[in-house]
Amino acid sequence: MKQLIQHEQCLRCRECCRFREDRQYFAPLFTASEIDRIRAKRSDLPEFRPFKESDRVFQIQLKRSTMPDAVYPYVCPFLDEENYLCTIYDERPFDCQTWPFIVHKVEQTGSTLVAYFTGDVCLALKEVDPADFEEYQAYFVALVTSEKYLQVLRDHPELIWVHNEDGVYHTVSLADISTALSPESDAAEPPAAERRDQ
Ligand code: SF4
Ligand code: SF4
């Protein structure tokens with residue numbers, strides 16, 4: 001999928017891929033087939049555990065940071081901390097590819113929304129050209145509301161981030177996909193990761 005944020009911006013921010021706790025809710029999620037794709041390319045897989053007891057979606061076990069001045073003590077084991085690079089970039093899960101855009105469900109209303117975290121969370125959004133940002137929003141909504149991706153969410157509902165709206169979430173909603181999610185159709189898998197420069 002297309003990328004909006006450039007690696008140079010992430011190098012200045014370094015918010016993603018590292019965590020305050022070893023079992024943080026935000027730790028990346030992988031479908032079984034995404035894990036298989038990574039396994040086909042490397043044998044040294046870290047530990048994954050079922051997410052919410054699912055047998056289709058798994059959360060990676062974070063590891064301790066090796067950086068002496070680490071702000072966050074835990075990191076994704078696929079992160080090259082020195083260069084701040086994802087070592088499985090081409091195979092990283094869809095859960096990582098979409099950031100800072102998300103699909104989330106608000107518990108109080110039951111609505112499932114396409115949204116993005118604001119520049120208070122993802123600093124790079126403050127630097128993005130407004131026209132590029134608008135174009136990317138349209139692209140992302142079209143992607144998530146395509147039948148292929150809706151089916152991915154139906155098959156892997158654990159990928160939808162569920163939260164209580166009393167919490168502090170700096171998000172802007174783009175579309176309500178609650179109704180579109182309900183029909184049934186054939187199984188599907190998230191699209192494989194594509195290179196950032198494509
Ligand atoms: S929060 Fe945004 S700018 Fe910061 S590292 Fe993540 S994607 Fe990059
Ligand atoms: S898989 Fe890659 S992009 Fe995702 S959290 Fe780990 S290092 Fe970051």
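## A first look around

Of the 198 residues in this protein, 21% count as buried; a residue is buried if 20 or more other C-beta atoms lie within 10 Å of its own, exposed if 12 or fewer, and partly exposed in between, with C-beta atoms placed from the backbone. A quick note before you click: this is a predicted model, where local features need pLDDT of at least 70 and side-chain atom pairs count only at pLDDT 80 or more, while totals for chains, interfaces and linings use all residues. Residues are numbered from 1 along each chain as its sequence is written, and chains are lettered from A and ligands numbered from 1 in the order in which they are written.

Switch to cartoon view and you have 5 helices and 12 strands to explore. These are DSSP runs numbered from the N terminus: helices are H or I with at least four residues, strands are E with at least two.

Together the 3 strands form an open, antiparallel sheet in the order β2-β4-β3, where strands pair if DSSP finds at least two bridges between them.

Now zoom in on β3 and β4: 3 bridges join them. Show R49 and you'll find Q59 of β4 standing opposite.

Next, select helix α2 (residues 32-39), which packs on the sheet and touches β2, β3 and β4. Its direction makes about 85 degrees with that of β2; axes are lines fitted to C-alpha atoms (for helices, over the stretch in contact), and angles run from 0 to 180 degrees between N-to-C directions.

## Stop two: the core

The largest nonpolar core has 16 residues, and L29, C76 and L79 have the most contacts inside it. Such a core is a set of buried Ala, Val, Leu, Ile, Met, Phe, Trp, Tyr and Cys residues joined through C-beta atoms within 7 Å. β4 gives the most to this core, with 3 residues.

Click L29: beyond four places away in sequence, its contacts include F51, F58, P93 and L159 (contact means C-beta atoms, placed from the backbone, within 7 Å).

## Last stop: ligand 2

Select ligand 2 and look for its surroundings, among them C16, C17, C76, C86, R92 and C96; a residue is near if its C-beta atom, placed from the backbone, lies within 6 Å.

Key
Two residues are in contact if their C-beta atoms, placed from the backbone, lie within 7 Å.
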